[in-house]
Amino acid sequence: MFKYIYLFLIIIIFPLCVSAMVPMSDNEMSTVTGQTGISIIIPDIDFGVTMTRLSLTDKDGLSGYPNPAYLVIDNIDHATFGNFNIGTKMAMGDTVAHKIGVDPATIYGSGFQSLDIDVGTDGSGSFINIELPKMQLYTGDFDDVHIRVADNQNGDYGTDLGYLSLPGLYFEGIGGNIKIRPEDIDGLGNNTGNGGIDFQITNTPFYLYNEKLIIRDADPMTTAGQDALELNQFYLHDGNNNPFIMRDGHFSLNVGQQYGKTWLKLKAHKWEGDLYANLGEMKWCGTQFGRWEIGRIIQYPDAHTYISGHNMGLDLEISARLDIENIYYIYGNKSNGEYNNSHMVHAAGSFSGTASNPSTWSFSGNLKIGDIANGRPATLDFGSNGTSNMLAINLPLKGALGIESIQLGGTDFGPVLIHGMNIKTFKINIPHP
Amino acid sequence: MKKNFAIVIFICILPVAAFAMDAIDDIEMDNVTGSTGIDIFLAGTLEIQASGHRLKYFDYDGLSAQAGTGGYLALDSPHDPPQDSTLSLKLVNAKFSIDVGTKNSVFDSPNADIIPFDTSFIRVELPVFTANLTFNDFQFQMEDNNEANANTMCIIQLTDLAFAIEHVYSPMYIYTH
């Protein structure tokens with residue numbers, strides 16, 4: 001009864017408020033313009049995300065084994081991601097620059113930077129313009145996440161794959177610009193406005209840094225401290241430990257039909273920037289065994305990823321062309337030649353030239369993982385053969401791989417080249433039944 | 001029940017109080033500054049819930065710019081009948097402050113140094129809160145432009161998913177440029 005009285009009172013009283021308003025005149029309205037945008041100073045906050053279990057399933061199992069299985073990730077209590085806005089955190093000395101030994105003042109400058117949002121129009125149509133703020137995101141607590149393949153969503157009768165800890169993943173953005181607009185589908189710079197999203201990212205510097213990644217054996221009989229692979233102090237930079245700068249990135253997202261099914265297509269039209277990656281420390285069962293320096297990584301235009309499903313399970317094609325100038329594995333003193341290096345690595349669709357003479361090498365097109373035009377996508381399924389649950393991965397591969405110089409202990413062992421690759425089936429079951 | 005009734009009556013009567021006010025003229029308005037603000041205290045618990053079981057993104061002209069070749073990216077319940085997922089936003093004893101002002105001196109808050117002088121702004125102090133998501137199974141799938149011929153990538157289940165603003169160290173400022 002009371003419920004109806006509340007409702008009645010609200011209905012009769014709320015509209016009266018509207019009658020107290022005065023209409024706005026045309027003259028007053030004419031002073032309102034859309035010339036300005038909005039600026040937001042993002043507050044310093046701790047933002048937490050927690051869950052106790054994540055499960056993924058594929059209800060029709062594997063080819064020949066129609067029993068379903070579940071990938072279960074649990075014990076994620078207090079997996080917290082947090083702390084926007086680097087302002088106070090910089091003052092506390094808790095930034096990537098501090099961690100990698102670079103002067104923070106030269107990286108972040110002084111003062112804050114707001115998030116600015118505008119809507120504008122240029123020759124290609126209307127767009128949302130976002131000037132990015134300085135901000136920091138990091139994972140505060142992500143320890144011993146348990147990963148297994150099981151019979152059901154609760155993780156029962158599971159086969160353990162291991163434990164994963166990621167206790168210090170940092171992302172720091174230091175300004176930059178993003179333009180978002182309907183996808184330029186006709187390729188002529190005209191917006192068709194019929195679906196698809198287009199992102200252009202220019203002069204956007206950022207750090208990605210991970211303090212520790214620990215992959216631990218799930219067997220309780222293994223001695224503590226002798227059961228883990230640690231990949232520590234990983235970060236992306238510009239070659240001089242400054243933030244990586246996306247100078248000119250152009251990406252799009254579309255959904256549509258091709259090759260007889262519907263796909264989600266992510267396309268990197270362009271990605272310009274000097275990208276380097278360092279891994280400061282590797283440990284195996286508590287023993288250090290070296291570090292890695294990788295770069296410069298060059299991404300060629302028109303890379304793409306197609307994603308869809310089959311009846312149940314993931315279909316995928318990744319198509320890209322990359323050059324990597326150096327992949328150093330350093331196991332001692334680099335200046336004393338205590339390293340192995342793969343110099344000038346090429347991943348592409350096809351090769352021409354004289355194999356023994358790298359100066360004649362020429363690469364073109366994209367290396368493909370999965371080949372959807374020929375009905376051979378890369379696939380991921382979860383299933384069981386009745387006795388063992390497993391992840392089943394198939395990675396068809398098509399293209400060419402070349403390394404101009406392999407250096408072992410600082411000594412050059414010459415070039416390596418694989419071309420004309422067309423691996424139609426490359427199956428991996430984890431764990432093996 | 002009586003307590004809830006009293007709260008509702010109070011909420012309903014508040015707008016009526018506006019009728020007792022006199023209109024403010026331009027001269028009086030000139031004297032209004034941003035030196036005061038509004039604090040909203042929520043004593044007790046406010047809970048907002050939203051439920052649903054289907055989320056779809058449609059691309060009309062697909063990958064080839066031709067009508068009829070588009071498709072849907074869909075999150076849908078695999079159950080028959082469909083089972084809803086529910087987002088519950090809960091505020092407990094929350095304080096939410098709003099001020100409007102014009103910057104005419106250097107602020108104590110270093111975050112606000114970048115606001116230009118003589119610029120009006122809104123200052124918001126956010127409350128801490130928790131949002132829980134009861135997430136029933138969702139299948140992640142692609143569908144053609146007729147929402148048919150679904151290809152399912154996987155079925156996802158998230159248990160006890162929650163988002164929270166745990167601490168707020170500084171206010172948010174909003175202004176035009």
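Helices (H or I, at least four residues) and strands (E, at least two) are DSSP runs, numbered from the N terminus. This is a predicted model, in which local features need pLDDT of at least 70, side-chain atom pairs count only at pLDDT 80 or more, and totals for chains, interfaces and linings use all residues. Residues are numbered from 1 along each chain as its sequence is written, while chains are lettered from A and ligands numbered from 1 in the order in which they are written.

**Confidence**

The predictor gives the complex an ipTM of 0.70 and a pTM of 0.78. Per-residue confidence is pLDDT, on a scale from 0 to 100. Chain B averages 74, and 74% of its residues score at least 70. Among the elements of chain B, helix 1 (residues 2-17) has the lowest mean pLDDT, 47. Strand 10 (residues 172-176) of chain B has the highest, 89. Over residues 8-21 of chain B, pLDDT stays under 50.

**Chain A and the cores**

Chain A holds five helices and 32 strands. Of its 433 residues, 29% are buried. A residue is buried if 20 or more other C-beta atoms lie within 10 Å of its own, exposed if 12 or fewer, and partly exposed in between; C-beta atoms are placed from the backbone. A nonpolar core is a set of buried Ala, Val, Leu, Ile, Met, Phe, Trp, Tyr and Cys residues joined through C-beta atoms within 7 Å.

The largest nonpolar core has 27 residues. Those that touch the most other members include A:Tyr70, A:Phe382, A:Leu391 and B:Leu73. Strand 4 (residues 67-74) of chain A gives the most to this core, with four residues. A second, separate core of 18 residues includes A:Tyr207, A:Leu236, A:Leu275 and A:Ile403.

**Backbone exceptions**

Most residues other than glycine have a negative phi, and most peptide bonds are trans. The table lists exceptions.

| Site | Feature | Angle |
|---|---|---|
| A:Gly295 to A:Arg296 | cis peptide bond | omega about -5° |
| B:Asp80 to B:Pro81 | cis peptide bond | omega near 0° |
| A:Tyr259 | positive phi | phi near 55° |
| A:Cys285 | positive phi | phi about 55° |

A:Arg296 lies in strand 19 (residues 291-299) of chain A. B:Pro81 sits in the loop between strand 4 (71-76) and strand 5 (85-92) of chain B.

A:Tyr259 is in the loop between strand 15 (244-258) and strand 16 (261-272) of chain A. A:Tyr259 is partly exposed, because 15 other C-beta atoms lie within 10 Å. A:Cys285 is in the loop between strand 17 (275-284) and strand 18 (287-288) of chain A. A:Cys285 has 14 C-beta neighbours inside 10 Å, so it counts as partly exposed.

How values were computed. pLDDT = per-residue confidence, 0-100. Contact = placed C-beta atoms within 7 Å.
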